[in-house]
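Notes below, in the order I went.

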Amino acid sequence: MLPTIEWQDDAVLMIDQRKLPASEVWVRCATGPEVARAIKTMVIRGAPAIGVAAAMGIALAMKRSKATGTRQFAAEFQKTCDLMAGTRPTAVNLFWAIDRMKRAFGAAVQAGASVAEIRARLEAEAQVIHDEDVASCRAIGRVGAEYVPDGARILTHCNAGALATAGYGTALGVIRAAAEAGKRVSVLADETRPFLQGARLTAWELVRDGIDTTVITDNMAGALMRQGLVDLVVVGADRIAANGDVANKIGTYSVAVLARAHGIPFYVAAPVSTIDLATPDGAGIPIEERPAREVTHVGPVRLTPEGARIRNPAFDVTPNEYVSAIFTERGACTAPFAASLRDIVARG
Ligand code: MRU
């Protein structure tokens, strides 16, 4: 399985997702701030992977800390958590992972642990978050694969694959699990402007796995659906509000509306850590606005004239009425989502 991120000695290693598929380069982050910068600049991206990176970044920063007393150590810990929290606002997995690290820290302090023991505890917790994410993805895959008929032609948007998680993927986990169960599947990968996660990353992952993959530009999806060439859609999520509204990569909403117009099921695959019961509906989900350069340029080449204003909201919200089911590691949720999401979270 492709490792997206790993802890090695005193550093966090991650494959540089900005460079794929042209080159496979590993970035070595030796400090917490270097990890935060890697998250912000999309060296690593995808909601669960961002959470894992933040947890490892916090553990790394505290390992590097020169503090000897618990009070100074705690102040540095809080500062590092704040730094990680400021990287990307939409994926709730980031805040979920930071909260877990805070709880691990609090429990260690409560138990009277020394600074060295707290460091070890944080490193262990980050590794558990990583390992649990891989296990969750595999379980999501098993749940979702039940909804994939043999011969399915599946459309996906962005990259919700191994690269977006600690491994295996959520939406791509469903596709992988269906293929592993012996079903014949083929995938239409939306290019996903402007960062091209679909064209670059989803296609790269699936081709490596030998899964039949066709890349389309985002504006082709409707025409292909109308021709009867799409059997189902499965996408990931950055945050799922309590009522089942789903924030995911910009363009997901358009795909969901098109799927509804053509009677095609629209599925969302995400770990329970992506469910945010504290946010009642999609209107409360913060949408990251990313640098204009992602829209104005492809690599060094400028596409747009100087003087044109640019918008670059990185995510959109799909209202729950467009969602056929949400696959989690604990099972599938269906409408009414307020009840099914509450139950699945409570099951933990
Ligand atoms: O901006 P990105 O690349 O971090 O956005 C990623 C997505 O929107 C994914 O679909 C989502 O995080 C789910 S990843 C399992």
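For my notes, contact means heavy atoms within 4.5 Å. I also keep in mind that this is a predicted model.

**Entry 1: α3 and α5.** I asked myself which residues of α3 meet α5. From α3 (residues 70–85) I listed Thr 70, Phe 73 and Phe 77, and on the α5 side they meet Val 115, Ile 118, Arg 119 and Leu 122. Sorted by class, the contact of α3 with α5 has five nonpolar residues, one polar and one charged. Next I checked the geometry: α5 covers residues 115–145, the packing angle with α3 is about 30°, and the axes are 10 Å apart. Angles under 35 degrees count as roughly parallel, so I put α3 and α5 down as roughly parallel to each other.

**Entry 2: α2 and α4.** I then went to α2 (residues 47–64) and α4 (residues 92–110), which pack at about 30° with axes 7 Å apart. These two are therefore roughly parallel as well, and I noted their crossing as right-handed. From α2 I wrote down Ala 47, Pro 48, Ile 50, Gly 51, Ala 54, Ala 55, Ile 58 and Ala 59; they meet Asn 93, Leu 94, Ala 97, Ile 98 and Met 101 of α4. The class tally for the contact of α2 with α4 is 11 nonpolar, two polar and no charged.

**Entry 3: the ligand.** How many residues are around the ligand, and which come nearest? I have 19 around it, with Arg 45, Arg 88, Asp 238, Asn 248 and Lys 249 coming nearest. For Lys 249 I also got a distance: a polar side-chain atom sits 2.7 Å from a ligand oxygen. Gln 197 likewise uses a polar side-chain atom, 2.8 Å from an oxygen of the ligand. With Gly 46 it is a polar backbone atom, and the ligand oxygen is 2.9 Å away.

Entry 4: Where are the cis peptide bonds I noted? One runs from Leu 20 to Pro 21, with omega near 0°; I found Pro 21 in the loop between β2 (11–15) and β3 (26–29). Another joins Arg 193 and Pro 194, with omega about 5°. Pro 194 belongs to the loop between β5 (186–190) and α7 (197–208). I placed Cys 158 in the loop between β4 (153–156) and α6 (171–180).

Methods
Residues are numbered from 1 along each chain as its sequence is written. This is a predicted model: local features need pLDDT of at least 70, side-chain atom pairs count only at pLDDT 80 or more; totals for chains, interfaces and linings use all residues. Side-chain values use heavy atoms; hydrogens and water are left out. Axes are lines fitted to C-alpha atoms, for helices over the stretch in contact, and angles run from 0 to 180 degrees between N-to-C directions. Helices (H or I, at least four residues) and strands (E, at least two) are DSSP runs, numbered from the N terminus. Angles under 35 degrees count as roughly parallel, over 145 as roughly antiparallel, 65 to 115 as roughly perpendicular and the rest as oblique. A crossing is left-handed if the near helix is turned anticlockwise from the far one by less than a right angle, and right-handed if clockwise. Ala, Val, Leu, Ile, Met, Phe, Trp, Tyr, Cys and Pro count as nonpolar, Asp, Glu, Lys and Arg as charged, and the others, Gly among them, as polar. A residue is near a molecule or strand if one of its heavy atoms lies within 4 Å of it. A polar contact is a pair of N or O atoms within 3.5 Å; within protein, one must be able to donate a hydrogen and the other to accept it, and residues adjacent in sequence count only if both atoms are side-chain atoms.
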